[in-house]
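Please read the report below alongside the sequence and the model, and look up each residue as it is named.

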Amino acid sequence: MSSPASISVALVEDDPAMRNALERVIRAEPSLRFAFGASTAAELLAWFEVHSIDVLLVDLGLPDQPGLEVIRRCRELQPHCATMVLTIFGDEVNMLSAFEAGASGYLLKDGTEADLAAHILSLHAGGSPMSPTIARQLLVRWRGRSPSQPAAAPSSDALSPRETEVLNLIARGFTYAEVATRMDILLSTVQSHVRNIYGKLDVHNKAEALFEARQLGILG
């Protein structure tokens with residue numbers, strides 16, 4: 001029988017073999033309690049709406065909805081639940097998008113699951129477990145920053161109040177069309193603001209824009 005103080009863990013993974021392997025690792029650790037395993041986003045979210053847990057493990061490549069949407073929705077439902085990605089996707093865009101959506105850890109399915117219990121304990125204690133290649137990408141990104149570019153304050157090319165409002169809404173998960181409706185402006189105007197934001201922040205996609213804006217203190 002699990003201890004009342006054990007850390008409850010749920011996961012969503014569509015590969016049955018991988019899901020079973022992860023479950024075995026969790027059940028083998030006395031301080032962890034396996035609460036639920038889902039194969040689809042819909043199944044996990046339906047369960048998540050009525051059950052409170054400490055840690056959620058999310059695969060990004062789910063069959064019905066992107067794992068990123070699961071992370072965003074779970075963050076809304078249970079802000080105190082720590083979320084960690086388990087995926088085959090090691091590219092920078094997925095990594096940054098996952099962190100922006102609310103994930104606090106990012107592990108690749110490259111054998112890291114062997115140390116999964118330790119990673120979950122670290123996550124629950126306030127850490128941010130990452131596979132070495134993911135940590136290296138973040139390090140390379142920071143080393144590539146121009147020395148003259150401030151890391152904690154907006155530059156002279158800071159976003160306008162309108163651009164900041166657009167970016168804040170996008171960060172909250174609204175589509176361009178929804179941003180246009182909420183701000184009572186044309187969709188083409190939103191797209192123009194986004195282009196300006198990309199230019200000022202020297203980025204090429206939404207994930208990079210949100211990441212950079214947070215580093216500069218433009219977003220909270």
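The largest nonpolar core has 31 residues, and those with the most contacts inside it are L44, L56, V70 and Y106; such a core is a set of buried Ala, Val, Leu, Ile, Met, Phe, Trp, Tyr and Cys residues joined through side-chain atoms within 4.5 Å, where buried means under 20% relative accessible area, exposed over 50% and partly exposed in between, for a 1.4 Å probe and protein chains only. Helix α2 supplies the largest share of this core, five residues. A second, separate core of 20 residues includes L159, L169, V190 and L201. In soluble globular proteins, nonpolar side chains tend to be buried together.

This is a predicted model, in which local features need pLDDT of at least 70 and side-chain atom pairs count only at pLDDT 80 or more, while totals for chains, interfaces and linings use all residues. Residues are numbered from 1 along each chain as its sequence is written, and side-chain values use heavy atoms, with hydrogens and water left out.

Leaving aside residues up to four places away in sequence, L44 touches L11, V12, F36, A38, L56, V70 and C74, contact meaning heavy atoms within 4.5 Å.

The helices and strands named here are DSSP runs, numbered from the N terminus (helices H or I, at least four residues; strands E, at least two). Three of them are listed below.

| Element | Residues |
|---|---|
| strand β2 | 32-38 |
| helix α2 | 41-48 |
| helix α10 | 206-215 |

Which residues of α10 are buried? They are A207, E208, A209, L210, F211, E212 and A213; because seven of the ten residues of this helix are buried, α10 is largely enclosed by the rest of the structure. Just after α10, G217 takes a positive phi of about 85 degrees.

A positive phi, of about 60 degrees, is also found at D184, although D184 is not a glycine. D184 lies in the loop between α8 (176-183) and α9 (187-201), and it counts as exposed because its relative accessibility is 70%.
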